[in-house]
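Dear colleague,

I am handing over a structure that will be new to you, and below it you will find an account of what turned up in it. Please keep the view open beside this message as you read.

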Amino acid sequence: MIVEKIIANINERHTDGKIIDRVLMDHHDLTKPHQKVKSESGQIIAISLEHGENLAPGSILYEDEERIVAIDLLPEDVLRIVPNGNIEWGRAAFNIGNMHQAAYIHKDCILVAYDAIMEGIIKKLGIKCERVECKLEGIRANVSQTDAHHHHHHGDHHHE
């Protein structure tokens, strides 16, 4: 099977009692538009997404009357950063960005892939953090250059 387009997101609709055949990925796998994966049932799927299509947790790759093949995240080694107040949120966000880390925002914390250097920086700033194993998901804080280019519009302004 070759998938070239995401059908929908399983988290945004009813599954109508269909069998869910999950494709387990880590956050790095989600960034690859072209790859071969295997579902839990053993089905091999070639993913070759069109430009601008992105994988996300819950992306439906295939659906028929009986089953849905969808992306699910694997638990990973994660640094959970728990800033207290705007100053700590700003300092944490600045340093995460400075290290070019993908960050996922939650109401009470920021999740990044575990990195010992990042952990040291955050602790040096006096911001609470802990190493945990969990799915690396949430509101994606970073925008890739491809996304930024795709959404950036030049108005009627001039640079001199």
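Before the strands are described, one convention is needed: two strands are said to pair if DSSP finds at least two bridges between them. Please also bear in mind that this is a predicted model.

Three strands form an open sheet in the order β2-β6-β5, and the pairing in it is mixed. At the edges stand β2 and β5 (60–63), each with a single partner strand, so one side of each is left without a neighbour in the sheet. From one strand to the next, the twist averages 25°. Between β2 and β6 the pairing is parallel and runs over seven bridges, and within it Val23 has Ile71 of β6 as its bridge partner.

Ile47, leaving aside its neighbours within four places in sequence, is in contact with Val3, Met25, Pro33, His34, Gln35, Val37, Leu55 and Leu61.

Gln101 is found in the loop between α1 (85–98) and β8 (103–105), and it counts as buried because its relative accessible area is 13%, under the 20% cut-off. His100 lies in that loop between α1 and β8 too, but His100 is exposed, with a relative accessible area of 72%.

The backbone of His100 deserves a look as well. Most residues other than glycine have a negative phi, yet His100 has a positive phi of about 55°. Asp16, in the loop between β1 (2–3) and β2, likewise has a positive phi, near 50°, and Asp16 is exposed, with a relative accessible area of 63%.

Lastly, as regards rings, the structure holds zero aromatic pairs, while the charged end of Arg131 sits over the ring of Tyr114, 3.7 Å from its centre.

Terms used:
Residues numbered from 1 in each chain as written. Predicted model: local features only at pLDDT ≥ 70, side-chain atom pairs only at ≥ 80, totals over all residues. Heavy atoms only, no water. Helix = DSSP H or I, 4+ residues; strand = E, 2+ residues; numbered from the N terminus. Buried < 20%, exposed > 50% of the residue type's maximum accessible area, 1.4 Å probe, protein only. Contact = heavy atoms within 4.5 Å. Axes fitted to C-alpha atoms, helices over the stretch in contact; angles between N-to-C directions. Phe/Tyr/Trp six-rings, centres within 6.5 Å; stacked < 30°, edge-to-face > 60°. Lys NZ or Arg CZ within 6 Å of the ring centre and 35° of its normal.
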